[in-house]
Amino acid sequence: MIDRRSLLALAGATAASPALAQTTQATPAVKPSLEIQPIWPGKAPGGEKVTVKEQVILRTPGGDPNDTAFLNITDPVLMMRRPEKPNGAAILMIPGGGYKRVAVSKAGGAIDRWIADQGVTAFVMTYRLPADGWAAGPDVALQDAQRAIRIIRSRAGELGLDPARVGVMGFSAGGHLAGRLSTQFKRETYAPIDAIDQLSTRPSVAGLFYPVVTMQAPFAHGASMKELLAGDASDARRKAASLELDVPADTPPTFIATAADDKVVPADNSLLLYSALRAAGVPSELHMFEKGGHGFGVTGPQGMDMGWPQLLPPFLRRHGLYT
């Protein structure tokens with residue numbers, strides 16, 4: 001049986017609906033080169049009725065052994081890539097996977113390397129999935145995200161970080177979770193368990209890439225909605241999970257990037273959120289690229305130059321993440 005910790009490392013951005021392999025045995029174990037720590041100091045909360053077993057699979061059968069995804073997550077973790085010249089800032093990176101899986105590469109990815117190249121300490125999290133029987137239901141992944149950003153802040157002195165300069169980046173369904181972290185940071189989604197839980201969950205700045213935003217027709221990403229709401233897609237629950245319907249004025253400054261030809265998560269999701277951010281007076285920026293599809297990273301399909309790595313740093317600097 002493959003040791004779970006030997007398979008974990010940092011991820012790049014991911015598509016919302018990758019193909020699934022049927023085996024967890026095809027992926028060779030690798031020695032982790034990045035620091036890994038559990039998000040919870042023991043069992044995660046609300047797991048009394050959870051019976052699933054965590055799995056690691058190839059996203060494409062017979063494909064790249066570094067292109068993996070985690071299913072039925074029971075022990076979410078936080079993984080760190082340190083920059084060569086740290087500037088005191090940190091970014092929590094939340095991968096996608098349609099709330100059915102968390103697509104994380106055990107070998108690391110281009111985006112977490114890009115983050116570190118900016119001098120920013122990169123953290124990537126795995127998170128529990130709503131349909132696996134957790135007591136918190138749709139809030140279970142938000143519990144993990146809130147705990148993760150608190151852990152980063154709790155290690156500020158040790159790592160030379162400024163706790164006031166911790167941002168978040170989310171991709172696809174991970175963009176929805178990052179958006180919830182940014183707009184619902186005042187909500188206490190779990191009972192405090194230690195001093196770490198006294199720290200703020202508000203990101204200082206947010207970057208959302210081809211994000212899932214709405215759970216309402218006609219632009220909802222049906223697969224994410226199905227998994228997030230776990231069979232109870234009532235009107236009230238869909239509205240409660242739609243980011244654009246509740247954007248407080250103290251939402252952190254938000255950068256959004258998407259592609260007009262995204263056939264997985266309609267780009268209208270990004271338009272809805274950008275309009276809501278503007279209406280709330282939140283500093284925000286939207287870049288809708290003509291092409292790029294869903295799941296682009298530092299580059300798009302066939303190495304297409306997406307341009308966002310040149311556009312995001314000025315936004316981050318302007319809003320104080322780094323100088």
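Two cavities of 30 Å³ or more are present in the structure, a cavity being a set of points on a 1 Å grid over the protein atoms alone where a 1.4 Å probe fits but cannot get out. Grid points are joined across faces, edges and corners, and a volume is the space filled by probe spheres set on the points. The model is predicted: local features need pLDDT of at least 70, side-chain atom pairs count only at pLDDT 80 or more, and totals for chains, interfaces and linings use all residues. Residues are numbered from 1 along each chain as its sequence is written, and side-chain values use heavy atoms, with hydrogens and water left out.

The largest cavity holds about 40 Å³ of space. Its lining, defined by an atom within 4 Å of a point, consists of Gly-179, Ser-182, Thr-183, Leu-208, Leu-243, Thr-251, Thr-254, Leu-273 and Leu-277. Helices (H or I, at least four residues) and strands (E, at least two) are DSSP runs, numbered from the N terminus. By class, four lining residues are nonpolar, five polar and none charged; Ala, Val, Leu, Ile, Met, Phe, Trp, Tyr, Cys and Pro count as nonpolar, Asp, Glu, Lys and Arg as charged, and the others, Gly among them, as polar.

The second largest cavity has a volume of about 30 Å³. Glu-35, Ile-36, Gln-37, Leu-78, Met-79, Met-80, Phe-123 and Arg-155 form the lining of this cavity, with at least two residues supplied by each of β1 (35-38) and β4 (77-81). Five of the lining residues are nonpolar, one is polar and two are charged.

Aromatic pairs number 10 in the structure, where rings of Phe, Tyr and Trp (its six-membered ring) pair if their centres lie within 6.5 Å, and planes under 30 degrees apart count as stacked, over 60 as edge-to-face and the rest as tilted. The pair of Phe-209 and Trp-308 is edge-to-face because the ring planes stand at 65 degrees, with the centres 4.7 Å apart. Phe-209 lies in strand β8 (residues 206-209) and Trp-308 in helix α9 (residues 308-318), so that the pair links distant parts of the chain, 99 residues apart.

Conventions:
On a 1 Å grid over the protein atoms alone, a cavity is a set of points where a 1.4 Å probe fits but cannot get out, and a pocket is an open set with protein on both sides within 12 Å along at least five of seven lines; lining residues have an atom within 4 Å of a point.
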